[in-house]
Amino acid sequence: MLNSLINSIKRWRKPEEPAGPRVVARSDHNLSRRDISRAALTVMKRLQDAGFQAYIVGGGVRDLMLGGHPKDFDVATDATPEEAKALFRGSRIVGRRFRILHARIGREIIEVTTFRGHHSDGEEHEAQQSEHGMLLRDNVYGDLESDAVRRDFTVNALYYTTNGFEIHDYTGGVRDIEQRLIRMIGDPSTRYKEDPVRMLRAVRFAAKLDFQIEEKTAAPLEELAPLLRNIAPARLFDEVLKLLMSGQGERTFELMREYHLWQHLFPDNAALLDDPAALELTRKALRNTDERIRADMRVTPAFLYAALLWPAVNREQQRLISKGTPPLPAMAQAAQKITSSQLAHTAIPKRFSIPMREIWDMQLRLPRRNGERAQRLSEHPRFRAAYDFLLLREESGEIEPGLGQWWTDFQQADQEQRQEMVRSLQRDGGGRRRGRGSRGGRRRKPRTE
Ligand code: ATP
Ligand code: MG
């Protein structure tokens, strides 16, 4: 599909021509309304029937041109959010920095954005910029062309309309899709300063699409990466999920390191990556996540964050132990310290930070298997995640393998075999020596059986 599209474009544009406003006619591309969700088509039609323009823009057009399956479709229009809202029952205007309409069609939500204009044309309540050049508000409206140049990358600024079935390309996006390039529209430094999250987006799309970041687009990344510290942690958390939990986490991680972005999102992880076990643990956690996503299995940020922060938590715990703090409180203090240090960069909602800490706590409990403990642990709601995490630590070389296999066997064993496994631990003096916490009567029962 892409090839025939590109061939047809070559026919009508000589390669040396600069990128300019281009309209690719219906006969010259293979995008079809059949590829577009019913809900998005409904939104376009209703806007058009009311006399407005309506285009599919962004990831939807880009991914279709690449032969992929877009996860959603966004619509751009010349209707203001209020005008559009009047056309869709149950729709809501969301966002302050950037106001958009969520139009609900059946169960689908289609994001409808009004064409943006240049922000310097606006009043202060419409557009606002910080002293660093960051856009605090961007609600100045314009036309299709001004909207195109306000978007981030050329490949994200292609517009498709069912009114004539054309693709509009004002920034050379079709050519960049052909050359597999992520290219910033306009001056890259200025655009990153307006919104530093665009740095992460450059890497995200490069990883997702397997594109190169065009040279001038990549050049300012290292210097401007510290601007990520000015972004609200909640927005960065959302962005982290898109970066690391969309199926290309490992590749994204490598690119983020290459472009010096990683250290600004996960400084405690980045500081320890010289340790081969920490690097391996990070890579493996991301690879597992990618594989699970590909296999349609459940993934949770709790597990991923547990892995990313573990090397620092572990190190801090060891430091406290070496100063005389007992292991359990040392773990609690280390977890507290590293978690709050991370919160300054990316938020971690409680529903993820609580299980994350349980996964860490259970790393201390998994070696202690005496008496009823193994059975009880295996019934803990976080057992499966903690066990997977233990395997990850063994595979990455942080700890000697062995315990993981024991737990694998335990899960496969029947009740009788389980009891025998625990008894034989006690015979071998395993199951974690009589340490603290083994003072209870039951466990004291010596090896009489
Ligand atoms: P995805 O497949 O991840 O949804 P997408 O390209 O659709 O990719 P969205 O985050 O859904 O990305 O944004 C939709 C469109 O809005 C983008 O394609 C781009 O044109 C524009 N856009 C989004 N974020 C920015 C930004 N920070 N700066 C400029 N334009 C942006
Ligand atoms: Mg999208």
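This is a predicted model: local features need pLDDT of at least 70, side-chain atom pairs count only at pLDDT 80 or more; totals for chains, interfaces and linings use all residues.
Of its 449 residues, 50% count as buried, with buried meaning under 20% relative accessible area, exposed over 50% and partly exposed in between (1.4 Å probe, protein chains only). Of the contacts with a separation of 6 or more, 67% are between residues 24 or more positions apart; contact means heavy atoms within 4.5 Å.

A word on conventions: residues are numbered from 1 along each chain as its sequence is written, while chains are lettered from A and ligands numbered from 1 in the order in which they are written. Local features need pLDDT of at least 70, side-chain atom pairs count only at pLDDT 80 or more, and totals for chains, interfaces and linings use all residues, with side-chain values based on heavy atoms and with hydrogens and water left out.

- Eight strands make up an open sheet of mixed pairing, in the order 1-10-9-2-3-6-5-4; two strands pair if DSSP finds at least two bridges between them.
- Strand 1 (22–24) and strand 4 (92–94) each have a single partner strand and stand at the edges, so one side of each lacks a neighbour in the sheet.
- On average, neighbouring strands of this sheet are turned by 35° against each other, direction ignored.
- Strands of a sheet pair through backbone hydrogen bonds, in either a parallel or an antiparallel way.

**Strand 2 and its neighbours**

- Strand 2 (residues 54–57) runs antiparallel to strand 3 (residues 74–77), and four bridges join the two.
- In strand 3, Y55 has A76 as its bridge partner, and V57 has D74.
- Strand 2 is also joined to strand 9 (residues 158–160) by two bridges, again antiparallel, and here the bridge partner of V57 is Y159.
- Strand 3 in turn runs parallel to strand 6, with four bridges between them; V75 has V112 of strand 6 as its bridge partner.
- Which way do the side chains of strand 2 point? A54 and I56 point one way, Y55 and V57 the other, and all are buried.
- In a regular strand, side chains alternate between the two faces of the sheet.

**Aromatic pairs and clusters**

- The structure holds 15 aromatic pairs, counted for rings of Phe, Tyr and Trp (its six-membered ring) with centres within 6.5 Å; planes under 30 degrees apart count as stacked, over 60 as edge-to-face and the rest as tilted.
- Y55 and F115 form a tilted pair, because their ring centres are 6.3 Å apart and their planes stand at 45°.
- This pair links distant parts of the chain, 60 residues apart: Y55 is in strand 2, and F115 is in the loop between strand 6 (108–114) and strand 7 (127–129).
- Y55 counts as buried at 9% relative accessibility, and F115 is buried at 0%.
- W310 and F389 make an edge-to-face pair, 5.6 Å centre to centre with 85° between the planes.
- That pair too links distant parts of the chain, with W310 in helix 16 (residues 301–322) and F389 in helix 20 (residues 383–395), 79 residues apart; both residues are buried.
- One aromatic cluster is formed by F237, F253, W262, F266, Y305 and F352.

**Charges over rings**

- R26 lies over the face of F165, 3.9 Å from the ring centre; a charge sits over a ring if NZ of Lys or CZ of Arg is within 6 Å of the ring centre and within 35 degrees of the ring normal.
- R116 lies over the face of F98, at 3.8 Å from the ring centre.

**Helix packing**

- Helix 11 (residues 233–244) packs against helix 16 at an angle of about 90°, with the axes 12 Å apart; axes are lines fitted to C-alpha atoms, for helices over the stretch in contact, and angles run from 0 to 180 degrees between N-to-C directions.
- The two helices are therefore roughly perpendicular, a label for 65 to 115 degrees, whereas under 35 counts as roughly parallel, over 145 as roughly antiparallel and the rest as oblique.
- F237, V240, L241 and L244 of helix 11 meet P301, L304, Y305 and L308 of helix 16 in this contact.

**R62, a buried arginine**

- R62 is in helix 3 (residues 59–65) and is buried, with a relative accessible area of 3%.
- Leaving aside neighbours within four places in sequence, R62 is in contact with V155, N156, I177, F205, K208 and L209.
- R62 and A157 are 95 residues apart in sequence and 8.4 Å apart in space, C-alpha to C-alpha.
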